[in-house]
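Have the viewer open and follow along.

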Amino acid sequence: MKTLFPIIRMILAAAPQAMMRGAVLSVLVLLMGAALLGLSGWFITATGLAGIAGLGIAFDVFRPSAGVRFLALGRTAARYGERVFTHDATLRALAFLRVRLLRRQVWLDSRALSRLRSEAVLTRIIADVDALDGVVLRLLLPAVAALATHLIVFLAIGWLAGWTIAWALLAGYIPLAVLIFWQLARRSIKPSDRAEKESQTLRRGVIDMIRNRQSLILDARLDDREADLLSLDGKIRKAAQQLDRAERGTALAITMLVTLVAAFALGLGGWLVAQGVMGPAVGVIGIFVALALAETLMPLRRGIADYGKMAGAAKRIGYGEKADPEKPKPTPPLCHENAGASPPVLAIRKAPLTFMIEPGEAIALTGASGSGKTSLLMEIAGLAESSGIAIFGRAPADWPDSSLRDLVTMVPQRSVLLAGTIRENFNLAADVPESALWQALAAISLDAVIRERGGLDAPLGEAGAGLSGGQAQRLALARAS
């Protein structure tokens, strides 16, 4: 449960007033339900006894019937308000969670950000955030409302019908209900988490199969891929069946618990009436209230059954974890520790490549498609795990990210230009003096073209629409410089 505490704190802090109003209305709904059934039971029994005694004409039926109508209408209105407030607060909290997650990525270095670009990672994050929408609505709020309702009913029954019946209801429900839900959590936590993980894997697999359908068909691997996905779907169905059996078993246990508590309240109330401790009309209140309290338990089934999914999502998102900030790596010296000469700017010792680049030198890397040119550039830029690469004598991973960016700049083949002005595309990271912008444009012979188009405030369309492909790539080079 401690895994969900940071998420719960965040959700409660996102819209505390709306959540508090929703919680109060949730308790009010349950209390009105118990009061409605208890008053109805008392009213029916009292009118029956008055009729048998021949006192029906003198019995006041107006105020109890008005109370029944008030509780019925009030319960409906409170239920509506509770749904509005709690859903609104939860949606606000989930929006807040998404913003916090995005803000947290700002502090990541380029290596970590490059790992987040995978569609698999993005799909997982979206699914995990969606899985957390039930933390409050299906788990926290029903549990708090149920406990508060039982305590308030305990005090009310003790005052109206005696503490014997009140203790019987409290002791009959709370310990056994906790045991039932503990068994449900124990049986469902692994299948729930497994079903969520496998569902995310299945979604990614279907997307990959659709995207790569042509290569799968040409390689005659479409049937194998389909069989893998069907096997994965079978695992999800098996986990769902385990969850369904656990939840249906819990529903049966709750039904039996309600029946036993109501039967015990009936026997205890009859014995107290026979002893002359209370009248028959008061004695039946405990029976109907015991039946009404079943409403406090049923909503918890779904939330506890999904606890494994929620806990797994909270772990993967890692919200609220106190990650120890890494100590900044010292900037390595630009020379060998055991030699007086400066090391080469870049040294590659990866079979079958072995070369060095000294200051002032340039090299062109050529090769067939798929031979690993882009992979090597990603390793040099520190965006992938590398070996056999040294920049000024140090591996890319040994450099602080900010220092590495001062030394290495990589412009991928598919560079991104945003819709906006040329100046805005240059100033993505920081405001650059206009003179420096024109100097960069002149270095790639694009300054004349930009002046003809209206200067730095000339608009560009999405992905650099308005420039040719070569001009867009040159502009990306100027931005990187």
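The notes below go from the annotated spans to an aromatic cluster and then to a glutamate.

This is a predicted model, in which local features need pLDDT of at least 70 and side-chain atom pairs count only at pLDDT 80 or more, while totals for chains, interfaces and linings use all residues. Residues are numbered from 1 along each chain as its sequence is written, and side-chain values use heavy atoms, with hydrogens and water left out.

**Annotated spans**

An unreviewed UniProt entry gives the annotation "transmembrane region" to residues 12-36, 42-62, 139-159, 165-185, 251-274 and 280-300. Such annotations may be inferred rather than shown by experiment. In the model, residues 12-36 are 96% helix and 0% strand, with their end C-alpha atoms 31 Å apart. Residues 251-274 are 100% helix and 0% strand, and there the end C-alpha atoms lie 34 Å apart. Helices here are DSSP runs of H or I with at least four residues, and strands are runs of E with at least two, numbered from the N terminus.

**An aromatic cluster**

Ring pairs join Phe154, Trp163 and Trp167 into a cluster. Rings of Phe, Tyr and Trp (its six-membered ring) pair if their centres lie within 6.5 Å; planes under 30 degrees apart count as stacked, over 60 as edge-to-face and the rest as tilted.

| Pair | Centre to centre | Angle between planes | Class |
|---|---|---|---|
| Phe154 and Trp163 | 5.4 Å | 55° | tilted |
| Phe154 and Trp167 | 4.7 Å | 70° | edge-to-face |

The second pair links distant parts of the chain: Phe154 sits in helix α6 (residues 134-160) and Trp167 in helix α7, 13 residues apart. Helix α7 covers residues 163-211.

Phe154 is buried because its relative accessibility is 13%. Trp163, at 43%, is partly exposed, and Trp167 is exposed because its value is 52%.

**A buried glutamate**

Glu379 belongs to helix α14 (residues 373-380) and counts as buried because its relative accessible area is 13%. Which residues does Glu379 contact, leaving aside neighbours within four places in sequence? With contact meaning heavy atoms within 4.5 Å, they are Lys350, Ala384, Glu385, Ser386, Ser387, Ile389 and Pro396.

Conventions. Buried < 20%, exposed > 50% of the residue type's maximum accessible area, 1.4 Å probe, protein only.
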